[in-house]
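Subject: Handover of a structure and the findings on it

Dear colleague,

Please find below the structure that I am handing over to you, together with its sequence. My notes on it come after the display.

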Amino acid sequence: MKSAPRKPRPPGARDPLFNSSVAKAFAVLASFGGERRTLSLAELARAAAMSVSSAQRCVHTLVRLGYLRRDPQLRRWVLTPRALSLSAAYLSGHALLEQATTHLIDLNQASGESVSLSEPDGTDMVFIARFPSLKRFYIHMPVGRRLPMYCTASGRAYLAALPLAAAQRLLRRSALLPLTPMTLTDREQIWKRVQAARACGYAWSDQECYRGDLTLAAPVLGEDGTPLAVVNVSAPTSRWTLAELRAKLAPLLLQTARAAAGAHTPRPRRR
């Protein structure tokens, strides 16, 4: 007789220093985003997986701290601009971002298309910089946007730069969902794309995350070869084919990723 599968332990289980109140507050803040610009107390409780009374205490505290406010017309809760202070604190003084920005702008101007820098977080890539195309481009990609690794060029470029075992572990942890009709969800096919990216130094995605969006991405490597971040260039199918994008912009992309890595390398001290 097979034993019942074990339920995953909640975060902080058997950790005497873990503060569940702090975790609940962040769960409430994380409930917002995308189409969830405003939320009722009951919706916050469901999204944060807590009781209404716990959600009410968290909301009250976050209002007092200035991170939430109640919209008087909608009678629902919304984030305030103070919530951006957390991301601003992270980006302020970010050494790689500061030193790579010039190279990202150069790629943006040379390609005429949107250029971004992203970092890994779990099985997602998080955008920490974005330089949009001056031409018409309908996809809004704000700083802080999270996209899954398995179906994005940035994610595959990051996976390709990892040791094989580490990349396979991340891919196994990923929930492979079809975001568009073009999204690859077969693990073996995705792994083939990762291996192809490993071979040529950059990855690509053909409308797998957004319809009409073509993307190339290359990793920014540290001194020891560890991927630190990923540079990507995105262009619409109305102006490019994937073959054209790879032929014309891949060399510029690789040059930018190498330049960003070189700019981040600490200079030796003069004696």
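The notes below cover the sheet, the cores, a helix, some loop residues and the contacts of aromatic rings.

This is a predicted model, in which local features need pLDDT of at least 70 and side-chain atom pairs count only at pLDDT 80 or more, while totals for chains, interfaces and linings use all residues. Residues are numbered from 1 along each chain as its sequence is written, and side-chain values use heavy atoms, with hydrogens and water left out.

The sheet

Helices (H or I, at least four residues) and strands (E, at least two) are DSSP runs numbered from the N terminus, and two strands pair if DSSP finds at least two bridges between them. An open sheet of six strands has the order β5-β4-β3-β8-β7-β6, and the pairing is antiparallel. Its edge strands, β5 (146-148) and β6 (203-206), each pair on one side only. On average, neighbouring strands of this sheet are turned by 30° against each other, direction ignored. For such angles, axes are lines fitted to C-alpha atoms, for helices over the stretch in contact, and the angles run from 0 to 180 degrees between N-to-C directions. Helix α5 packs on the sheet and touches β3, β4, β7 and β8; contact means heavy atoms within 4.5 Å. The direction of α5 makes about 145° with that of β3.

Strand β3 (residues 114-121) is mostly covered, with six of its eight residues buried. Here buried means under 20% relative accessible area, exposed over 50% and partly exposed in between (1.4 Å probe, protein chains only). On one side, β3 runs antiparallel to β8 (residues 227-236) and is joined to β8 by five bridges; Ser116 has Asn232 as its bridge partner in β8. With β4 (residues 124-131), β3 pairs in the antiparallel sense over seven bridges, and the partner of Ser118 in β4 is Phe127. Two residues separate β3 and β4 in a hairpin, where Gly122 in the turn has a positive phi of about 65°. Strands β6 and β7 are antiparallel as well, over four bridges, with Ala203 bridged to Ala217 in β7.

The nonpolar cores

A nonpolar core is a set of buried Ala, Val, Leu, Ile, Met, Phe, Trp, Tyr and Cys residues joined through side-chain atoms within 4.5 Å. The largest has 29 residues, of which Leu104, Leu117, Leu216, Val231 and Leu253 touch the most other members. Two or more residues come from each of α5 (95-111), β3, β4, β7 (213-221), β8 and α9 (242-264). The most is given by α9, with eight residues. Leaving aside neighbours within four places in sequence, the contacts of Leu117 include Leu97, Leu104, Val126, Phe127, Val220 and Val231. A second, separate core of 28 residues includes Ala160, Ala166, Leu170 and Ala197.

Helix α6 (residues 153-161) is also mostly covered, eight of its nine residues being buried. Among them are Arg156, Tyr158 and Leu159.

Loop residues

Two residues of interest lie in the loop between α7 (164-173) and α8 (187-200): Leu179 and Ser174. Leu179 is partly exposed because its relative accessible area is 41%, whereas Ser174 counts as buried because its relative accessibility is 8%. Leaving aside neighbours within four places in sequence, Leu179 is in contact with Pro148, Tyr150, Cys151, Glu208 and Cys209. The C-alpha atoms of Leu179 and Glu208 are 6.7 Å apart, although 29 residues separate the two along the chain. With residues up to four places away not counted, Ser174 touches Thr123, Tyr150 and Arg187.

Most residues other than glycine have a negative phi. Arg75, which is not a glycine, has a positive phi of about 55°. Arg75 is in the loop between β1 (68-71) and β2 (76-79) and counts as exposed at 62% relative accessibility. Gln207, also not a glycine, has a positive phi of about 60°. Gln207 is in the loop between β6 and β7 and counts as buried at 15%.

Charges over rings

A charge sits over a ring if NZ of Lys or CZ of Arg is within 6 Å of the ring centre and within 35 degrees of the ring normal. The charged end of Arg246 sits over the ring of Trp204, 3.7 Å from its centre. Arg70 lies over the face of Trp77, at 5.2 Å from the ring centre.

With kind regards
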